[in-house]
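Morning, everyone. I have one structure to walk through today. Please take a look at it first.

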Amino acid sequence: MLNFCAYFDHNYLPRALALYESLKKHCPEARLFVLCMSRECREILEEMALPEVTLYGLEELEAYDPELLAVKNTRKTVEYYFTTSPCWPRFLLRKHPEIDILTYVDADCLFFSDPSPVLAELGDASVGIVPHRFSARMREAERYGKYNVGWQTFRNNAEGLRCLEWWRERCLEWCHDYIDGERYADQKYLDRFTEFFDTVVIKNEGVNVAPWNLENYKLRFSGEEISLNGVPLVFYHFQGVRNVIGPLWDLGLKPYGLKGAKDVVNGLYRPYVRAVLRHSAALPRKPGPGTLRMRKRAMLRRYNPFFVIKTLLNRQLVLVFGKG
């Protein structure tokens, strides 16, 4: 059995459910551990009772790791989420000694083929990370880190845990959403893994294809199968995709200087958005944004005509409906 983990709150539930569905489709023996970053997220997932999904609440991680909880009030919400990145797999490997290898994956990814060949690259090593593979035009973005936090693999041995301990200590010391010398959030610390730990850099180009490296590849579509440079697409990282209003979706491509070829939009992005919409509609109850203040802020932003017009002018948008 292959073990994966992720963390997200109720706002990301439909995306995370799309991730889970795609993982089970291409790797039926996979088990997913979820860190629910909000109570509402956990309550909904408990109602759904998904097979091979193990749930933990953020409060359980904080009770186990009081040093993590101690920095909570010093970080913005997103920064605190980043800070949990090494704490979460560390918690799981200690709590579940039966886990041999654990892979973290971001909740805004979707699998398109079996990830087993990627995990095979780990060999006897204890840590596996994936390079951003920035396109030549975006090489300057390496200042945010050579490797992407969207996928990390850790073996449950002394070396794998030593790496997680080091990463956790660094994130507890400093983990903010801006560049500070050789630090950026939880991500730039990965640059040091190959220096200090028994680490494999994943070579499979089908892993973590994303807007920042899409220009490197010519994707080929054959029914539901997608390949690039002769290898199957393992998973795509749908960074920046968001709903603007109604059926209008921002694909998140323009910030990366991409227009989005027709086959990429129709073969990758529309199916992803439709999956998100389908899972959103199937939720046993609709998650709210939380507090009344957050709900009002979300509604005002979502239906503010100036926001919509600005988005229309500055983003590549597509119309996506729930069918299909």
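Which residues of α9 are buried? They are Val264, Val265, Leu268, Tyr269, Tyr272, Val273, Ala275, Val276 and His279. Keep in mind that this is a predicted model.

Let me stay with α9. The helix has 21 residues. From its first C-alpha to its last, α9 reaches 29 Å. That is close to the 30 Å expected at 1.5 Å a residue. Where does α9 bend? The bend is at Tyr269, by about 30 degrees. A proline follows within four residues, and that is Pro271. Tyr269 is also one of the buried residues of α9.

Now to a pocket. α9, at residues 262-282, supplies at least two residues of the lining of the second largest pocket. So do α1 (13-26), β5 (109-111) and β12 (225-228). The volume of the second largest pocket is about 400 Å³. How many residues line the second largest pocket? The number is 20. Nearest its centre lie Lys25, Leu110, Phe111, Phe112 and Glu224. By class, the lining divides into ten nonpolar, five polar and five charged residues.

Next, the aromatics. A search of the whole structure finds 25 aromatic pairs. Take Tyr56 and Trp88. This aromatic pair is edge-to-face, at 6.1 Å centre to centre, with 70 degrees between the planes. Why does this pair tie together separate parts of the chain? Because Tyr56 lies in strand β3 (residues 53-57) and Trp88 in helix α5 (residues 77-95), parts that are 32 residues apart in sequence. Are these two buried or exposed? Tyr56 has 9% relative accessibility, so it counts as buried. Trp88 is buried too, with a relative accessible area of 0%.

A second pair is Trp166 and Phe193. Their ring centres are 6.2 Å apart and their planes are at 75 degrees, so this pair is edge-to-face. Trp166 sits in helix α7 (residues 158-173), and Phe193 sits in helix α8 (residues 193-196). The two are 27 residues apart, and the pair links distant parts of the chain. Trp166 is buried, and Phe193 is buried.

Trp166 and Phe193 also belong to one aromatic cluster.

To recap: α9 bends at Tyr269.

Terms used
Residues are numbered from 1 along each chain as its sequence is written. This is a predicted model: local features need pLDDT of at least 70, side-chain atom pairs count only at pLDDT 80 or more; totals for chains, interfaces and linings use all residues. Side-chain values use heavy atoms; hydrogens and water are left out. On a 1 Å grid over the protein atoms alone, a cavity is a set of points where a 1.4 Å probe fits but cannot get out, and a pocket is an open set with protein on both sides within 12 Å along at least five of seven lines; lining residues have an atom within 4 Å of a point. Grid points are joined across faces, edges and corners, and a volume is the space filled by probe spheres set on the points. Ala, Val, Leu, Ile, Met, Phe, Trp, Tyr, Cys and Pro count as nonpolar, Asp, Glu, Lys and Arg as charged, and the others, Gly among them, as polar. The expected span of a helix is 1.5 Å times one less than its number of residues. The bend at a residue is the angle between axes fitted to the seven residues ending there and the seven starting there. Buried means under 20% relative accessible area, exposed over 50%, partly exposed in between (1.4 Å probe, protein chains only). Rings of Phe, Tyr and Trp (its six-membered ring) pair if their centres lie within 6.5 Å; planes under 30 degrees apart count as stacked, over 60 as edge-to-face and the rest as tilted.
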